[in-house]
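Trainee: I would like to learn how to read helix packing. Please take me through a case.

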Amino acid sequence: MRNLAHPAFDELTILDDAIQSLEDRDRLKLAELRTTLSGAYAKYSTLAPHLERHKAIRLRKRHVSTVSRLWNAVAGTGSALRATLLKLGNGTCPYCSMGQAAIHLDHYLGRAEYPEFILLPANLVPSCARCNSPRKSVKHGRRRLLHFYFDPVDSIQRVLRARIHFESSRPIMTFILKMPPKPSAVTSLYAEHCRTLKLLHAYNMHFTDYRLPTIVDDVKAFGRYGADEVVAVFRKRAAARAARDGENDPEVAAFYAVAESRPFVEWAVAQ
């Protein structure tokens, strides 16, 4: 996992452009709303990433309806804002780091609870379909998900690990979080992030069913040079991937698991 570059948009310009898309009579009614949203945007930037401290603003129903219409106009399919945000992080989902295409814009603070941030670029995080499923980033006054624009994701301690075992002669890859005795605050949040999105289960399924067969082919290709060469190759792959995508990328954990499982390497070479 890696941080994403902060969206290079002026949020008030985005808001003003959206308002200009309305009819004249509607634009005049939004003077009060613009002032409210401008104050909320400033507070978001001040509090981030500790957005659990923000108290949602109660907007009038007609204002919520208007902001929702503005969302469709400004960030709908084909908009420049949507296209730019979806390209962050090489167009893949930062929430799961499984290489899934980012095809949605997730509202970090949800639209229903925090309508004041529906249009705020800093609140819009690219995500895959799975990670954009309904869930709350803040619950009972605590954050449950990493914010990839603001949290120091790159400083998370290496806690994601994988191991390979056999069930009925079939290799199974299982992921766990090996937490240190005194984890940093962002490392603890990462663990909560994994629990909220059920990432370990997703990794178990994805790597056992889809990645292990291709990994077996790679092991066989290098196996002719001996098991020690396979171990060295996968250790190098893990280090290279970690340098690019972070220590807690699932591919990194998988590569280390291969390097540390001599029974799996010997089994794969023999296939």
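Mentor: Two packed helices are described by the angle between their axes and the distance between the axes. Here, helix α7 (residues 199-223) and helix α9 (residues 250-259) pack at an angle of about 50 degrees, with axes 11 Å apart. That makes α7 oblique to α9. Angles under 35 degrees count as roughly parallel, over 145 as roughly antiparallel, 65 to 115 as roughly perpendicular, the rest as oblique. Axes are lines fitted to C-alpha atoms, for helices over the stretch in contact, and angles run from 0 to 180 degrees between N-to-C directions. Helices are DSSP runs (H or I, at least four residues), numbered from the N terminus.

Mentor: The model is predicted: local features need pLDDT of at least 70, side-chain atom pairs pLDDT 80 or more, while totals for chains, interfaces and linings use all residues. Residues are numbered from 1 along each chain as its sequence is written, and side-chain values use heavy atoms, without hydrogens and water.

Trainee: Which residues in α7 meet α9?

Mentor: Contact means heavy atoms within 4.5 Å. Tyr 203, Phe 207, Arg 211, Ile 215 and Val 219 in α7 meet Pro 250, Glu 251, Ala 254, Phe 255 and Val 258 in α9.

Trainee: At what angle do the axes of α8 and α9 cross?

Mentor: Roughly 160 degrees, and the axes of helix α8 (residues 227-245) and α9 come within 8 Å. α8 and α9 are therefore roughly antiparallel to each other. On the α9 side, Glu 251, Phe 255 and Val 258 are among the residues that meet α8. Arg 235, Arg 237 and Arg 241 are among their partners in α8.

Notes:
Helix = DSSP H or I, 4+ residues; strand = E, 2+ residues; numbered from the N terminus.
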